[in-house]
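Please open the model in your viewer and keep the sequence panel beside it.

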Amino acid sequence: MFLGSKSVTSVKEGRVYPLIALRDKVLFTDVLVPLFIGRAKSVSAIKSLKDNENLIVFAMQKDVEENDPAPEGIYKVGVLAKIKQKIVMSDDSIKVLVVGLRRAIIRRFVQTEPFLAVEAELIEEAELADSFYSRLLDEVKDKFSYCVQINPRLGNEVARSITRIEEPQKLLGAIVQHLSTPSKMQQELLEVLNIRSQLERLLDLLDAEIKTLELDDKLKEDVKKQLEQSQKEYYLNEKMKAIQRDNALQQVANVACLPGIVGNSLAMPDIHYGYGFPIGGVAATAVEGGVVSPGGVGYDINCGVRLL
């Protein structure tokens, strides 16, 4: 879900904000994200917010297994976000809906108890409007549209929504949440301060995503072919076992010994045991010196086997 244009001129630079460390999750600007807050310090940080402001910094922690990360265990670039909605659960955890406002650089930790608080400097996003920038933006949109085409999990409506976005940070956040890019690589993208370099880095991530999706498609097709081949081989093996069990092959061999046979004694794939001559067997005998096999001609009315 994406928001429209917004103003953050009321947000002051160098302010102190509560901070929540995220596990294996990078928050970007202009994207609405639901989060479950359960750790004691994080819950305290949410409860400390004033209803008329609800501003908080989110930054990813470096070790996903760490339950209480120290300041040095938290990345220095995060996002200042606004809590749009919060619901306190029965176990005292909190479900929140947040939207990223501005990228933030953590200058120092002001406190670590009862929750983390930091002094953060907000990043001013540059305005780009030259022709190179426009081409870069179009290339990003085109590559993401192709990702949607080859990814069955994404619908065409996603591509249509995203390709209408013109603000670079909003476009970047909207696209990244649909990629399988590891969180550490997303963090690296967040830390690229120059927007043009960010978009170029995003193109690299899209190329990697496309290669992964195409490889997945190839692997699925290869597996499908292997399964089809395995099923075919299984069917033929079972068919051969059935033929061998009812002695139809022995009847083929017997037909090869008929007087006057011309060429080989043959059998169709659906061969099965018959009256001396296997059903599905094929043989020709010479007019002179050959024999007529009643079993080969057939006992049923309009059997389909003819004496010519």
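Throughout this tour, buried means under 20% relative accessible area, exposed means over 50%, and partly exposed lies in between, with a 1.4 Å probe and protein chains only. This is a predicted model, in which local features need pLDDT of at least 70 and side-chain atom pairs count only at pLDDT 80 or more, while totals for chains, interfaces and linings use all residues. Residues are numbered from 1 along each chain as its sequence is written, and side-chain values use heavy atoms, with hydrogens and water left out.

**Confidence**

Begin by colouring the chain by pLDDT, the predictor's confidence in each residue on a scale from 0 to 100. The protein chain averages 82, and 87% of the residues score at least 70. Helices (H or I, at least four residues) and strands (E, at least two) are DSSP runs numbered from the N terminus; among these, confidence is highest in strand β3 (residues 55-60), at a mean of 96, and lowest in helix α8 (residues 294-297), at 66. Now select residues 1-12, where pLDDT stays under 50 and for which the model has 30 contacts beyond four places in sequence, a contact being heavy atoms within 4.5 Å.

**A covered helix and a buried glutamate**

Next, select helix α4 (residues 168-176), in which nine of nine residues are buried. Move on to E209, which is placed in helix α6 (residues 195-245). Is E209 buried or exposed? It counts as buried, because its relative accessibility is 4%. Leaving aside residues up to four places away in sequence, E209 touches C147, H178, L179, S180 and T181.

**Salt bridges**

A salt bridge is taken here as a side-chain nitrogen of Lys or Arg within 4 Å of a carboxyl oxygen of Asp or Glu, and a search of the whole structure finds 12 of them. Select R107 and E121, whose closest N and O atoms are 2.8 Å apart. This pair links distant parts of the chain, with R107 in strand β5 (residues 94-111) and E121 in strand β6 (residues 116-122), 14 residues apart. R107 is partly exposed at 48%, and E121 is partly exposed at 34%.

Then select R108 and E119, which meet in a salt bridge with an N to O distance of 2.8 Å; R108 is in strand β5 and E119 in strand β6, 11 residues apart. Both are partly exposed, R108 with a relative accessible area of 47% and E119 with 22%.

Turn now to E166 and K141, joined by a salt bridge of 2.9 Å, N to O. E166 lies in the loop between α3 (156-163) and α4, and K141 in helix α2 (residues 131-150), so the pair ties together parts that are 25 residues apart in sequence. Here E166 is partly exposed at 48%, whereas K141 is buried at 7%. Finally for this group, select K41, D68 and E113, which are linked in a network of salt bridges.

**A nonpolar patch**

For the last stop, select F36, I87 and M89, which make a nonpolar surface patch of about 300 Å². Patches are made of residues with over 30% relative accessible area and no salt bridge, like charges being joined within 9 Å and nonpolar side chains (Val, Leu, Ile, Met, Phe, Trp, Tyr) within 5 Å; accessible areas come from the Shrake-Rupley method with a 1.4 Å probe, and for residues only the protein chains shown count as cover. M89 lies in the loop between β4 (77-88) and β5, and is partly exposed at 32%.
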